[in-house]
Amino acid sequence: MHHSKWQRFNLPEHQVTDETTYWRRRQLLKGMGFLGAAISAPAQAGLFDIFSSESAPTASPFQNQPLTYSAQTPPPQLPLTPELKVTSHNNFYEFGTAKTDPRDNAQGLKVEPWTVTVEGEVAKPGTLDLWQWMAKAGLQERIYRMRCVEAWSMVIPWVGVELGQLLKAFEPTSRAKYVAFETLYDPEQMPGQKNRIVGGGIHYPYVEGLRMDEAMHPLTLMAVGLYGKTLPPQNGAPLRLVVPWKYGFKGIKSIVKIKLVESMPPTTWNILAPREYGFYANVNPAVDHPRWSQASERFIGPGGALKVSRQRTLPFNGYADEVAYLYKEMDLRRYY
Ligand SMILES: Nc1nc2c(c(=O)[nH]1)N[C@H]1C(S)=C(S)[C@@H](COP(=O)(O)O)O[C@H]1N2
Ligand SMILES: [Mo]
């Protein structure tokens, strides 16, 4: 029995949490102060019950696990995109280019064990055991706008750790000017890496990068979860980047390597179409994509499956007060 089918047609209740349920549960978490470490506690065994029926395949116990995190206070006054939409409208070309391909094709992604190497211009290069690190990392909720360069947007409650906090542990040297990220390369698991047409013509592995000051900015998140649970494969399990003031393609998924470097690293979409996608990719309603306007966006929000509303796109995706200073000497038309 195929996992993706089962997930699609027989969604367990906790996978379809809408925004109201999320807020209620979040309040509860806050009220209780703390829930025991979720990953390994046997007391959580009941949560695996949904996987025990005959029709359900054996899913990784690392999928859909509730996380312990500190809630964002105060939460931003933004309507959340319902969980089901966040997890069934995705870009993850390793699993195909249609918006539902990642949901349908990524469920078998093996996320355990998972290691992330941190290397390059650091005094203490090393390898993270992702799940061990996560249990001790001190997770935080971050409710962010997310704006895809294709002009659709969502509001997603992430769970993660500031990238800067992670990097500091490896002691960046003074020569570290940029951070380069790399997604898992495994054509056996990722059909888009095996077949150029399925994979949208991208040269894999998917790579991304940030300037050091962008990487160290407190808004920049290494996400390990959304809606209070471990990341679904289609959203970049088990670890992905979230940079809320930049177009979504900067948010590289399923990261296995982080390298601190002296010069600007190559980035996947810039390699593919340099005139359309720059290294910086800051959300900017004043600079159109060569083939479409970036002045507005379709917000995929609460409401029925087809409820999408058109709204104005904000400079730096609404985070200008926090990040505009990073670019004050730069011509944002030239450095798009
Ligand atoms: N490895 C990898 N990371 C990726 C992509 C991808 O195709 N492969 N797509 C990017 C794009 S274009 C967007 S908009 C976001 C989408 O994230 P989401 O599916 O969690 O909303 O992931 C980004 N990260
Ligand atoms: Mo995107």
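Two residues are in contact when heavy atoms of theirs lie within 4.5 Å. In this predicted model, Phe-181 touches Leu-163, Tyr-206, Val-207, Glu-208, Gly-209, Leu-210, Met-222, Leu-241, Ile-252, Ile-255, Lys-257 and Ile-258, leaving aside residues up to four places away in sequence. The largest nonpolar core holds 88 residues, and Trp-133, Phe-181 and Ile-258 are the members that touch the most others. Strand 4, spanning residues 152-162, gives the most to this core, with 7 residues.

Tyr-206, one of the contacts of Phe-181, is found in the loop between helix 7 (191-194) and strand 6 (207-211). Because its relative accessible area is 11%, Tyr-206 counts as buried, the cut-off being under 20%. Beyond four places in sequence, Tyr-206 touches Glu-94, Phe-181, Glu-182, Thr-183, Phe-249, Ile-252, Thr-268 and Trp-269. The side chain of Tyr-206 also reaches the backbone oxygen of Phe-249 at 2.8 Å. Between Tyr-206 and Lys-253, the separation is 47 residues in sequence and 8.5 Å in space, C-alpha to C-alpha.

Nitrogen atoms of the ligand are approached from several positions. A backbone N or O atom of Asn-91 lies 3.2 Å from a nitrogen atom of ligand 1, and a polar side-chain atom of Thr-183 lies 3.0 Å from a ligand nitrogen. For Gly-251, a backbone N or O atom is 2.8 Å from a nitrogen atom of ligand 1. Taken alone, ligand 1 exposes 530 Å², of which the protein buries 98%.

Definitions and conventions
Residues numbered from 1 in each chain as written. Chains lettered and ligands numbered in written order. Predicted model: local features only at pLDDT ≥ 70, side-chain atom pairs only at ≥ 80, totals over all residues. Heavy atoms only, no water. Polar contact = N/O pair within 3.5 Å; in protein donor to acceptor, adjacent residues only side chain to side chain. Areas by Shrake-Rupley, 256 points an atom, 1.4 Å probe, with all protein chains shown as cover. Core = buried A, V, L, I, M, F, W, Y, C linked by side-chain atoms within 4.5 Å. Buried < 20%, exposed > 50% of the residue type's maximum accessible area, 1.4 Å probe, protein only. Helix = DSSP H or I, 4+ residues; strand = E, 2+ residues; numbered from the N terminus.
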